[in-house]
Structures are given as structure tokens and as C-alpha cells.
Amino acid sequence: MSNTLKSGQRVLHVDSKNYYGGNWASFSFSGLLSWIKENQQKTDTDECEDWKKLILENEEVIPISKKDKTIQHVEDFCFGDQDSAEDVEEAGALPKMPVFGAPGVEGVAQEPEKECPPVESALLEAENQEPDKAAGTEPASATEGRDADITSENESSPSTASGEPALELGKTEVAPSEISAQEPKKITYSQIVREGRRFNIDLVSKLLYARGLLIDLLIKSNVSRYAEFKNATRILAFREGKVEQVPCSRADVFNSRQLTMVEKRMLMKFLTFCLEYEQHPDEYQGNYENSTFAQFLRTQKLTPSLQHFILHSIAMVSETDSSTLEGLQATKKFLQCLGRYGNTPFLFPLYGQGEIPQCFCRMCAVFGGIYCLRHSVRCLVVDKESGRCKAIVDHFGQRISANYFIVEDSYLSESVCTKVCYRQISRAVLITDQSVLNTDSEQQVSVLTVPPVDPGKPAVCVIELCSSTMTCMKDTYLVHLTCPSTKTAREDLEPVVQKLFNLNPEKEAENEEQEKPRVLWAVYFNMRDSSGVEKSSYDGLPSNVYVCSGPDSALGNDCAVKQAETIFQEMFPTEEFCPPPPNPEDIIYDEDEIVPEESGFSNSPETKPESATEESSSGDSAESSIF
């Protein structure tokens with residue numbers, strides 16, 4: 001979106017929801033409870049269809065879906081006394097206003113709730129207010145040094161040793177070793193509700209590869225200045241019923257007490273080969289070309305524990321479906337990302353993954369993009385003669401003209417998606433009282449892959465976040481579980497939750513159960529995965545309407561970045577994708593070009609309405625319309 005504006009286009013972004021990001025969003029605890037309630041009810045709304053009179057004889061419409069069907073099977077559970085939180089209010093929340101027309105409210109006139117005004121008088125700013133930052137958690141700058149170490153608090157620098165711009169990395173709070181030996185503090189549900197604004201809970205759980213496409217795009221476009229990041233501090237493995245840390249870097253391998261000296265040499269030799277595998281095609285082609293990566297590992301003189309670490313915690317690929325080449329590519333990608341910002345390949349944005357779409361929204365707003373939340377679209381208006389989409393009609397009955405239309409998959413009606421076969425993602429979010437692997441430091445960001453029990457089933461990716469990521473309150477952890485769906489989210493993920501956590505804290509439990517982290521609250525849901533769907537699968541879409549998908553099930557963000565670049569290049573093949581923005585001091589303004597700002601969109605000669613009906617409505621126009 002910001003790229004479209006930098007290319008001289010005008011962008012209007014309309015969204016029927018009241019928050020940014022769609023299924024990429026993050027919520028406070030109370031916000032997530034509202035989201036859960038909304039998706040559990042899924043009520044149909046009767047809507048006025050007066051807008052149909054705006055459609056001319058030479059036009060036809062493509063209706064827009066009236067409700068979001070991308071979320072299913074939402075189930076939430078509280079493992080404490082939920083009644084005790086009935087009268088508890090969220091700290092820092094706005095005071096509740098009396099409901100108009102409610103019985104028993106004195107001095108309040110009973111009048112219907114007014115609709116928010118049309119586009120031209122209701123342009124919403126892209127800047128969202130961030131949650132209150134906890135005292136003592138101001139993030140420090142960190143740089144990408146030659147030896148891949150994070151700079152200390154007093155030696156932070158805005159640029160890398162090689163001159164490349166650096167991302168802002170948050171400080172890691174290291175707790176004294178005595179804390180880990182203490183019993184975890186008992187957290188009640190009422191405390192979670194009261195501290196609800198301390199939570200930033202992502203609908204989709206992802207990490208950023210340190211040398212991935214999204215990191216490169218954030219740095220190149222300068223969008224990184226709107227966000228701060230924290231290293232994932234450790235990679236974990238689940239083997240023989242226990243959670244253990246996986247040595248990743250060279251230093252980790254040689255300092256590991258889990259591996260024998262022989263295993264250390266084996267591992268380093270194999271990882272070195274993976275970094276240079278393209279130079280040694282004879283080692284993996286031929287007999288192993290049609291083999292799975294797991295079968296290839298068994299021929300490489302690696303012990304079972306090393307095979308497990310490489311397959312599930314480094315390559316993170318399927319034991320039964322991933323080829324040898326796919327496994328080698330994934331291992332090389334993991335190793336190449338090591339050391340750029342820390343001892344693991346991953347970064348996590350402070351305040352949650354939902355910050356990333358908001359960062360791009362802010363950049364778009366800086367260049368004049370206009371955002372309208374709580375603003376529904378009724379239909380796409382298509383010219384019968386040319387077959388191109390020429391406008392949208394919103395819920396106010398306004399026609400808004402544009403040259404290009406980018407539509408998120410969830411807005412398309414069932415009649416358009418009859419040929420589309422969607423996959424599903426199983427998601428779970430837990431609030432727990434301690435880490436899955438306690439160490440001297442409480443402030444750990446952990447990545448764990450739990451292998452499937454049954455062959456052919458997907459592995460489960462677990463990401464555990466501590467309070468210094470600004471996603472949960474102190475003395476709690478936020479745990480995300482994700483896998484491709486085979487059944488409902490609860491059926492897919494609850495067996496893994498039972499392996500790692502204690503779900504019955506009030507009952508008498510065995511010693512093994514008492515050592516596990518206690519689950520305080522949990523939610524399960526299935527999310528549609530619309531990635532990889534070809535445009536030709538959608539029925540009857542005009543050539544100037546482009547479809548973007550929701551999140552996919554992968555750990556990284558490469559799919560979304562590639563899709564954004566592909567759509568942009570199809571619209572503007574001669575333009576650069578996300579060029580670096582100019583410095584404000586380098587911009588030279590011509591006095592003749594400075595014109596007073598106007599609210600709304602003015603009609604340009606290229607996009608003037610073609611009919612009297614269109615002119616009599618709002619007359620708005622844009623180069624690109626996104627919803």
C-alpha cells in the first residue's frame with residue numbers, strides 16, 4: 001500500500017472491521033474475548049439493498065460477502081474461577097458509556113444510535129495508539145555486528161558494522177537464578193482481566209527469519225523504524241517425553257552438555273555440508289533424489305538424537321512428505337539466518353505480529369493513504385462492455401471509482417469461490433504460569449516443534465513468549481500452537497497441550513504433572529488458509545481485481561511478501577517494489593505544486609464517473625481501492 005503511494009498512486013483502504021490487519025491482527029485480552037464472542041455467534045444481519053438502484057443498465061455487480069467465514073470452531077476455556085472476575089475492570093480501559101435507550105438509565109435520551117458519517121467526513125488516521133509501555137522496558141537499539149553479537153545497552157548504534165541499517169531490538173531482562181527455583185506465583189483469572197491491556201495476542205503466530213524477505217523489505221522500505229524486535233532466544237526439541245534445548249550455533253554445539261564429542265563433530269560436519277550442499281550434488285542426488293529428508297539423514301552417520309534435532313528443530317520439515325532437497329534448503333536457510341541478530345535465526349516484533357501490518361499502514365498514511373475502518377462494501381461494479389471493475393458501492397450507497405481493486409479473500413462471496421479448495425490452520429493460544437523449560441532466565445522466547453505421534457499427521461509448532469515481548473503480563477507466558485488442520489483445532493492440538501502442560505491444576509496430580517506449566521486460559525480455533533490459490537480459481541473476477549490471501553501455516557512471512565510484490569508488479573510493471581522513501585530534508589517543493597488539502601477524494605480526469613447517477617453520489621475516486 002505504501003509502495004503504491006510512493007509510485008504516485010492514491011490509495012483508499014476500506015475495512016468492515018474496527019481494527020487493522022484482519023486475521024493478522026493482535027488483541028488485548030478483552031479485545032480477544034470480544035473477537036471470540038463475535039466469531040462464536042456468527043449472526044446474519046439484514047441489510048438494506050437501496051444501493052442496487054445505483055447500478056446502471058450497462059453494469060453488473062459482484063456481491064461482497066456479508067460476513068467473515070474464515071474463522072471456525074472457536075472454543076475458549078478458563079482453568080480458574082471465572083465468576084470472581086465478573087466485576088473486575090480492565091486497568092486503563094476507557095469508562096463504559098451508558099447505552100442509549102437502555103431501561104433504567106436516568107437522564108439519557110432514548111434515541112437510535114447514529115451511523116458514522118460517509119467517507120469524506122470520516123477518514124480515520126492510520127496511527128494506532130499503542131498500549132501503555134511498562135516502566136523499565138524501553139527497548140534498546142541493537143546492531144548487526146560482524147561477529148553477530150547484540151550490542152550492549154551503552155554501545156548501541158543505529159547502523160550495522162557493514163553500513164546496513166539495523167532493526168531495533170528490545171532488551172532482554174535476565175532474572176537471577178534464584179527465581180527459577182521458586183514456586184511460580186499463582187495467577188488468577190481476575191488478574192488476567194485486570195491486566196488485560198498488558199496482553200497483545202496474535203491471531204496468527206509467526207516469526208521473522210533474520211535474513212528473510214520480510215526483514216529485507218522492512219529495512220529497504222524504512223518501515224522498520226515503526227517497530228522494535230526481540231530475538232528468539234532458544235530453539236527447543238521434544239524427545240522421549242521431555243523438552244530440551246537444541247544447540248544451533250557453533251558455540252552452542254561445542255558448549256553443549258547434551259552431546260558427546262563424537263556427536264559434536266558429526267553435527268558440525270553435517271551442518272557444514274548443508275551450507276555448501278549445492279557444491280556437492282553427488283552427495284544428495286541419485287539414490288536420494290526421490291527419498292525423504294528423514295531417510296537421507298539415516299544414511300549420514302548421525303545418531304538418532306542428532307537426526308531428531310536436525311529434522312524437527314533446524315530444518316522443521318515433515319518427516320514423511322519433505323524431500324531431501326527441501327530438507328537441505330530449509331537447513332541452509334536456518335543456518336544462514338544464524339548470527340545476524342543473535343544466536344537463533346528468528347526475530348519477534350515487540351507488541352506482537354499485529355504490529356507489522358500496522359507499520360505498513362503508518363507508512364502508507366505518511367504518503368497520503370486514507371483508511372476507513374468500520375466501513376463495509378456492498379459490491380464491485382463491473383462494466384459489461386469492457387469487463388473491467390469500475391467502482392465499489394459502500395454501505396452508505398456511495399460509488400467510489402478506482403482503476404485497481406485489491407480484495408482480501410474473505411470478502412469474496414461463495415458464488416465467486418465455488419471452485420476454490422481451501423486448507424485450514426489449527427490454532428491454539430494459551431496463557432500459562434511458567435515456561436515449558438525453566439532456566440536461570442525467565443525472559444525467554446522459545447521455538448519448539450512437537451513431532452506427530454501418528455505418521456502422516458503434521459508436526460505442531462509451539463512459540464512461547466515472555467513478558468518482555470510486551471505480549472503478556474508479568475509472571476505469565478503466552479504460548480501459540482499452530483499446525484495444518486486435519487480436524488478441529490481442539491482435536492488437533494489438545495493432545496500436544498496435554499503433553500506439555502497441566503490442565504487440571506486444582507486436582508491432585510502426580511509429581512510429573514505438578515512440574516508442568518499450569519494453563520490459566522486457552523482458546524482453540526480454525527483459520528482459513530487461502531494462500532496458494534490461483535486467480536483463475538475465482539469465478540468471474542475482472543482483470544483489474546486482485547485477490548490477496550490471509551495468513552498461511554508457515555513459520556515465516558515469505559508467502560505474504562512474494563504475493564504483495566507479485567500483485568504490485570502486475571499493476572505497475574515498470575515501478576520498483578517498495579523503494580526506499582526519500583529523506584524529508586531531500587524533498588524540494590515547488591510553490592506551484594503546493595495546493596490546499598481537501599477532504600475526501602477529488603475526481604481526476606482519468607477516473608470521472610461516466611453517469612449522472614455516479615456524479616450525483618459522492619463522486620469519490622481513487623487510483624487503488626483496497627479492502
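Look at who touches whom along this chain: of the contacts with a separation of 6 or more, 75% link residues 24 or more positions apart. Keep in mind that you're looking at a predicted model.

**The whole chain**
- Out of 627 residues, 51% count as buried.

**How to read a helix pair**
- When two helices pack, we describe them by the angle between their axes and the distance between those axes.

**α7 with α9**
- Helix α7 covers residues 261-275 and helix α9 covers residues 304-314; their axes come within 10 Å and cross at roughly 40 degrees.
- That angle is why α7 counts as oblique to α9.
- The crossing of α7 past α9 is right-handed.
- On the α7 side you'll find Glu263, Met266, Leu267, Phe270 and Leu271, and they meet Ser305, Leu306, Ile310 and Ile314 of α9.
- Sorted by class, this contact of α7 with α9 has 7 nonpolar residues, 1 polar and 1 charged.

**α7 with α10**
- Helix α10 spans residues 324-337, and its axis comes within 8 Å of the α7 axis, with a crossing of roughly 100 degrees.
- So α7 ends up roughly perpendicular to α10.
- Here α7 brings Leu271, Phe273, Cys274 and Leu275, while α10 brings Leu328, Thr331, Lys332, Leu335 and Gln336.
- The contact of α7 with α10 splits into 6 nonpolar, 2 polar and 1 charged residues.

Note on methods. Residues numbered from 1 in each chain as written. Predicted model: local features only at pLDDT ≥ 70, side-chain atom pairs only at ≥ 80, totals over all residues. Heavy atoms only, no water. Axes fitted to C-alpha atoms, helices over the stretch in contact; angles between N-to-C directions. Helix = DSSP H or I, 4+ residues; strand = E, 2+ residues; numbered from the N terminus. Parallel < 35°, antiparallel > 145°, perpendicular 65-115°, else oblique. Left-handed = near helix turned anticlockwise from the far one by under 90°. Contact = heavy atoms within 4.5 Å. Nonpolar A, V, L, I, M, F, W, Y, C, P; charged D, E, K, R; others polar. Buried < 20%, exposed > 50% of the residue type's maximum accessible area, 1.4 Å probe, protein only.
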